[in-house]
Amino acid sequence: MRHTAIAILMLLTTAITAAGQELNCKVEINSEQIQGTNKQVFGTLQEAINDYMNTNKWTNAQFSPNEKIECTLFFTIKEYDEGEGKMAGDLQIQSTRPVYNSSYTTTLINFKDNRIEFLYRENEPLVYSETTMESNLTAILNFYAYLIIAMDFDSFSPRGGDPYFERLESIVHLAQSSGESGWKAFEDTKNRSAVLSSMTDPATTTMRDLTYQYHLQGLDQMSVSPDKGRANITKALETLTKIYQVAPMSVALSMFKDAKLDELVNIYSKGTQNERERAYDILSPLYPTEQTRLNQIKKGEENR
């Protein structure tokens, strides 16, 4: 249970018993690229998605209000057919989690889905179902809700997100049968099917172990022992090399970069020269286009 892990982590002395929704999700819809149409539909859509994400009970876990997972869905609508109610664009998904004994929050997901297409008419209700695909929009929302939850649980306990990755597999299976874009296997190296595969395929599922090692054993240790926390993070980074060797195009690698590279610059700013060079040697072959930020890791704080 996620709350148990947090209770241990935060050294709480009282049991957490309040049940509540898991997500504190901010939803924003940008329709600036759509001209000459009734913009009210985008307002009702934003409200509907906000209610859907924040009022559905996604798990059986116990969450107190201060445990809710902070996340953001930012839709950019680029095409809109008012007659059909068809919208298309992209979606930026972000989620964070707190770091033990600090005011710092760390990014778990910072991912852009470029294949968002769905039908929506003003004031249409969004219906949740575990067993059927009610619409492509709700399938997309279900997918990212469970991805956010799964990765959050993984960051607090080894493979803690297992039940939610199982839900993700069911969602993708149902959606693939629908023929909608963004779900098909091998259609795109960064679509929703590829995201799920990067976390569940035997060759790359160690990314989930990295999530635990990096966060609970790394970041959460830094308030007690910065050196120990940084050493555990360096060890966790070695998993990236193993994934790259078997799946160099895995979307998990780019997802990690987009969520963590700026953070790693700060983590290693006070590291030893050996630590900085080791981190640079791991990351440089994986992200050759990111030399500016990687050089900051290598140089360290005193040489900037």
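Helices, taken as H or I runs of at least four residues in DSSP, and strands, taken as E runs of at least two, are numbered from the N terminus. In these terms, T204 lies in the loop between α5 and α6 (206–215). The structure described here is a predicted model.

**The surroundings of T204**

T204 has a relative accessible area of 6% and is therefore buried, since the cut-off for that class is under 20%. Leaving aside residues up to four places away in sequence, T204 touches S197, S198, I243, A247 and S250. One of these, I243, is also listed among the buried residues of α7. T204 and A48 are separated by 156 residues in sequence, and their C-alpha atoms lie 35 Å apart in space.

**Helix α3 and its partners**

Helix α3 covers residues 136–156, 21 residues in total. From its first C-alpha to its last, α3 reaches 31 Å, close to the 30 Å expected at 1.5 Å a residue. Because 21 of the 21 residues of α3 are buried, the helix is largely enclosed by the rest of the structure.

Two packed helices are described by the angle between their axes and the distance between the axes.

| Helix pair | Angle between axes | Distance between axes |
|---|---|---|
| α3 and α5 | about 20° | 12 Å |
| α2 and α3 | roughly 45° | within 11 Å |
| α5 and α8 | roughly 90° | within 8 Å |

The angle of about 20° between α3 and α5 is under 35 degrees, and the two helices are therefore roughly parallel to each other. The crossing in which α3 passes α5 is left-handed. On the α3 side, the residues in this contact are I140, F143, Y144, L147 and M151; on the α5 side they are R192, V195, L196 and M199. By class, the contact of α3 with α5 holds 8 nonpolar residues, no polar residues and 1 charged residue.

Helix α2, which spans residues 40–55, crosses α3 at roughly 45°. At that angle α2 is oblique to α3. The passage of α2 across α3 is a right-handed crossing. Here L45, I49, Y52 and M53 of α2 meet L137, T138, L141, N142 and A145 of α3. The residues of the contact of α2 with α3 comprise 7 nonpolar, 2 polar and no charged.

S129 is found in the loop between β4 and α3. With a relative accessibility of 16%, S129 counts as buried. When residues up to four places away in sequence are not counted, S129 touches E134 and N142. N142 also takes part in the meeting of α3 with α2. S129 and A139 stand 10 residues apart in sequence, with 9.2 Å between their C-alpha atoms.

The axes of α5 and helix α8 (residues 251–267) cross at roughly 90°. This makes α5 roughly perpendicular to α8. In this contact, A194, V195, S198 and M199 of α5 meet V251, A252 and M255 of α8. The contact of α5 with α8 is made up of 6 nonpolar residues, 1 polar residue and no charged residues.

Helix α7 runs over residues 226–246. Its 21 residues should span 30 Å at 1.5 Å a residue, and the end C-alpha atoms are 32 Å apart, which agrees. The buried residues of α7 are G229, R230, I233, T234, A236, L237, T239, L240 and I243. What covers them includes α6, α8 and α9 (273–283).

**Two loop residues with positive phi**

N101 has a phi near 60°, a positive value in a residue other than glycine. N101 is located in the loop between β3 (86–98) and β4 (105–119). Its relative accessibility is 56%, so N101 counts as exposed, the cut-off being over 50%.

F186 likewise is a residue other than glycine with a positive phi, near 65°. The loop that holds F186 lies between α4 (162–178) and α5 (192–200). F186 counts as exposed because its relative accessibility is 86%.

Notes: Residues are numbered from 1 along each chain as its sequence is written. This is a predicted model: local features need pLDDT of at least 70, side-chain atom pairs count only at pLDDT 80 or more; totals for chains, interfaces and linings use all residues. Side-chain values use heavy atoms; hydrogens and water are left out. Buried means under 20% relative accessible area, exposed over 50%, partly exposed in between (1.4 Å probe, protein chains only). The expected span of a helix is 1.5 Å times one less than its number of residues. Axes are lines fitted to C-alpha atoms, for helices over the stretch in contact, and angles run from 0 to 180 degrees between N-to-C directions. Angles under 35 degrees count as roughly parallel, over 145 as roughly antiparallel, 65 to 115 as roughly perpendicular and the rest as oblique. A crossing is left-handed if the near helix is turned anticlockwise from the far one by less than a right angle, and right-handed if clockwise. Contact means heavy atoms within 4.5 Å. Ala, Val, Leu, Ile, Met, Phe, Trp, Tyr, Cys and Pro count as nonpolar, Asp, Glu, Lys and Arg as charged, and the others, Gly among them, as polar.
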